[in-house]
Structures are given as C-alpha cells and as structure tokens.
Amino acid sequence: MVVWTESELSIINSIFSSLDYEDIGPKALCRCLIVYPWTQRYFGGFGNLYNAAAIKSNPNIAAHGIKILHGLDRAVKNMDSIKETYAELSTLHSEKLHVDPDNFTLLGNCLTIEIAAKLGDGFTAETQGTFQKFMAVVVNALGKQYH
Amino acid sequence: MSLTDNDIATVKAIWPKIAKVANEVGPESLARMLCIYPQTKIYFSHWSDLSIQSTKVKEHGVVIMKGLSLAVEKINDMANGLQDLSQKHAFQMRVDPANFRLLSQCIHVVLAKRFKAEYTPEVHLAMDKFLSNVALAIAEKYR
C-alpha cells in the first residue's frame with residue numbers, strides 16, 4: 001500500500017496544477033523519443049520521426065503527449081488507488097501495445113527534466129523526490145498487469 | 001553508444017557554461033542523489049551528515065565535477081584518460097555501476113533547472129551519452 005504524506009500530496013497537486021498539459025506533454029514525449037531513440041519503436045504509425053525537427057513538429061506525437069499527461073492526471077485525482085485506476089491502461093500497454101515497462105521510467109525521467117526546466121529553483125530536492133516517488137508508483141501500476 | 005563528432009561538439013560547447021557553475025551543480029547533484037535515492041548513502045556512510053547542507057557533500061560534489069571536466073578533456077579516449085578514477089571506483093570504493101545512472105539523472109535535472117530552454121533534447125542527448133560513456137570508462141577496471 002502506497003502511503004502519501006500530506007506534504008507529498010500537496011506537492012504533487014501543486015506541480016500538476018502549475019503545468020500546461022498541452023505544452024509539457026508534447027515536450028516530454030518528444031524529449032523521450034529524441035534522447036532514447038529506441039522508444040520510437042512504439043510509434044511506427046505516427047508519421048515522420050526521422051530526426052529531432054520532424055519529431056518536434058509531428059502533430060500525432062504532440063497529441064499523444066497531451067494524452068499521456070491527461071493519463072497522469074487520472075493518477076493525481078486517485079492517489080490512493082493508482083493501481084486500480086491504471087488496471088485497464090496496464091493491460092493495454094502489455095497486451096496490445098507491447099511496451100517494455102523500462103520505457104515508462106525513461107519517459108518519467110524526461111517529464112522530470114521538463115518540469116525542472118519549467119520550475120527552475122522551485123524544483124527543490126524535496127519536490128523532485130516526491131515527483132519521482134509519484135512516477136515510480138505510476139510506473140509500477142502500469143507494469144502490474146504484465147505477465 | 002559511442003560519441004559522434006556532433007555529440008563531442010555539443011558537450012564541448014556547453015561545458016564552459018557548466019564549468020562556470022560547477023561548484024554549485026556538483027554539490028546540488030550529489031545532494032539530490034543522496035536524498036532521492038537513499039540507497040546511495042551506503043557509499044558515504046563514513047560521513048555523519050549527508051544532508052544538502054553537509055560540507056563533505058558539497059566538497060565531494062566539487063570533486064565529481066573536476067572528474068567530469070577531466071572526462072571532457074579526455075573525451076576522445078576516456079578509458080585511458082580516466083584510468084586512475086576507474087582504479088579507485090573498482091578497488092577502493094567498489095561502487096555498483098548501476099548507481100552512475102542515478103547520479104546522471106540528478107545532473108540532468110540540475111542542468112535543466114539552470115539552463116531551462118537551453119537544455120534542449122539535443123543537448124540532453126549528447127550529455128546523456130557523454131555521462132554514460134564516463135560511467136563505462138569508470139567501470140573499465142571493474143572486472
């Protein structure tokens with residue numbers, strides 16, 4: 001059972017309410033596809049991913065980045081039942097999309113870096129720690145239905 | 001995943017800016033790693049204070065950045081250039097190489113915080129490849 005302190009809940013809510021999902025979602029996904037190019041394997045049907053410029057201007061990738069942030073939003077709104085909230089998504093990523101769960105951590109790292117760039121000094125060590133704990137719980141929940 | 005000419009050029013272009021604030025970036029990255037990945041504390045159990053304010057942590061953060069500056073200097077042959085550091089990590093400190101990734105993530109976060117929009121995915125990619133190669137060079141003498 002994941003236990004969240006009042007402080008951690010407050011930090012997560014504060015981070016997400018400061019984010020523009022339409023901006024940070026595409027940035028985080030693009031960063032992941034550029035920095036860890038093997039993740040492009042899951043986006044074969046998304047169009048031109050030939051180079052960084054193509055990835056950054058790809059509307060399908062941008063739309064999907066926004067979708068991902070809205071998916072994370074569901075976890076933020078259900079902090080005490082993230083595993084249950086993500087049961088269907090986990091099955092989808094395992095059975096249909098066949099995504100190696102290690103890749104969730106890579107995307108999480110990229111999102112952390114985009115948030116750090118946005119918040120600057122506001123992204124304290126405590127904030128980073130709490131956010132990474134949240135992402136670890138999310139990643140764990142997404143990997144739960146794999147077998 | 002060896003460094004291309006473009007990677008080397010990108011790292012060398014940003015490094016002078018990083019070097020200017022090395023005495024802050026190093027300590028902050030190390031302190032964050034100890035705080036966020038508490039298992040890494042075991043390598044520093046000989047220090048009583050591992051908090052962000054710790055003098056020892058600050059000093060060691062600076063030492064780490066000096067090591068990275070050396071790696072930039074020897075970027076074309078890190079395995080040979082970082083031999084002494086590799087010996088230390090292999091035989092004295094015996095740091096599990098998995099931990100190098102954790103420190104790398106913290107370095108990326110601290111650099112992104114400081115350089116913001118300048119820490120583009122392309123710069124991040126080159127730095128990540130550079131840090132991965134440093135980790136490989138450090139682990140060269142492990143077995």
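A salt bridge, as counted here, is a side-chain nitrogen of Lys or Arg within 4 Å of a carboxyl oxygen of Asp or Glu.

Some housekeeping. This is a predicted model, where local features need pLDDT of at least 70, side-chain atom pairs count only at pLDDT 80 or more, and totals for chains, interfaces and linings use all residues. Residues are numbered from 1 along each chain as its sequence is written, chains are lettered from A and ligands numbered from 1 in the order in which they are written, and side-chain values use heavy atoms, with hydrogens and water left out.

Let me start with one helix in chain A. Helices are DSSP runs of H or I, at least four residues, and strands are runs of E, at least two, numbered from the N terminus. Helix α2 of chain A covers residues 21–35, which is 15 residues. From first C-alpha to last, α2(A) reaches 21 Å, close to the 21 Å expected at 1.5 Å a residue. That expected span is 1.5 Å times one less than the number of residues.

How many residues of α2(A) are buried? The answer is 12 of the 15, so α2(A) is largely enclosed by the rest of the structure. Buried means under 20% relative accessible area, exposed means over 50%, and partly exposed is in between, with a 1.4 Å probe and protein chains only. Among the buried ones are A:Y21, A:I24, A:G25, A:P26 and A:V35. What do they pack against? In chain A, the partners are α1 (6–18), α3 (52–56), α4 (59–76) and α7 (102–119). Contact here means heavy atoms within 4.5 Å.

The same helix holds a salt bridge. A:D23 pairs with A:K27, closest N and O atoms 3.2 Å apart. They are 4 residues apart in α2 of chain A, so about one helical turn separates them. An α-helix has 3.6 residues a turn, so residues three or four places apart point the same way. A:D23 counts as partly exposed at 31% relative accessibility. A:K27 is also partly exposed, at 40%.

Now the interface. Chain B brings 20 residues to the contact, and chain A brings 21. About 1800 Å² is buried between the two chains, and carbon and sulfur atoms give 61% of that. Buried area is the accessible area, 1.4 Å probe, that two parts lose on being put together, summed over both.

Across this interface the rule finds 2 salt bridges. It also finds 8 residue pairs in polar contact, both residues at pLDDT 80 or more. A polar contact is a pair of N or O atoms within 3.5 Å; within protein, one must be able to donate a hydrogen and the other to accept it, and residues adjacent in sequence count only if both atoms are side-chain atoms. On the chain B side, α2 (22–36), α6 (98–115) and α7 each supply at least two residues. The largest share, 6 residues, comes from α6(B). By class, that side has 11 nonpolar, 4 polar and 5 charged residues. Nonpolar means Ala, Val, Leu, Ile, Met, Phe, Trp, Tyr, Cys and Pro; charged means Asp, Glu, Lys and Arg; the others, Gly among them, are polar.

Next, the bridging pairs. A:K56 meets B:E122, with N and O 2.9 Å apart at the closest. A:D121 meets B:K113 at 3.4 Å. A:D121 sits in the loop between α7 and α8 (125–142) of chain A and B:K113 in α6 of chain B, so this pair joins two chains. Is B:K113 buried or exposed? B:K113 is buried, at 7% relative accessible area. A:D121 is exposed, at 66%. A network of salt bridges links A:D121 and B:K113 with B:E28 and B:R32.

Within chain B, B:R114 and B:E24 form a salt bridge at 2.6 Å, N to O. B:R114 is in α6 and B:E24 in α2, 90 residues apart, so the pair links distant parts of the chain. Both are partly exposed: B:R114 at 34%, B:E24 at 44%.

Last, backbone angles. Most residues other than glycine have a negative phi. A:H98 has a positive phi of about 50° and is not a glycine. A:H98 lies in the loop between α6 (87–96) and α7 of chain A, and is exposed at 52%. In chain B, B:K116 has a positive phi near 45°. B:K116 lies in the loop between α6 and α7 of chain B, and is partly exposed at 37%.
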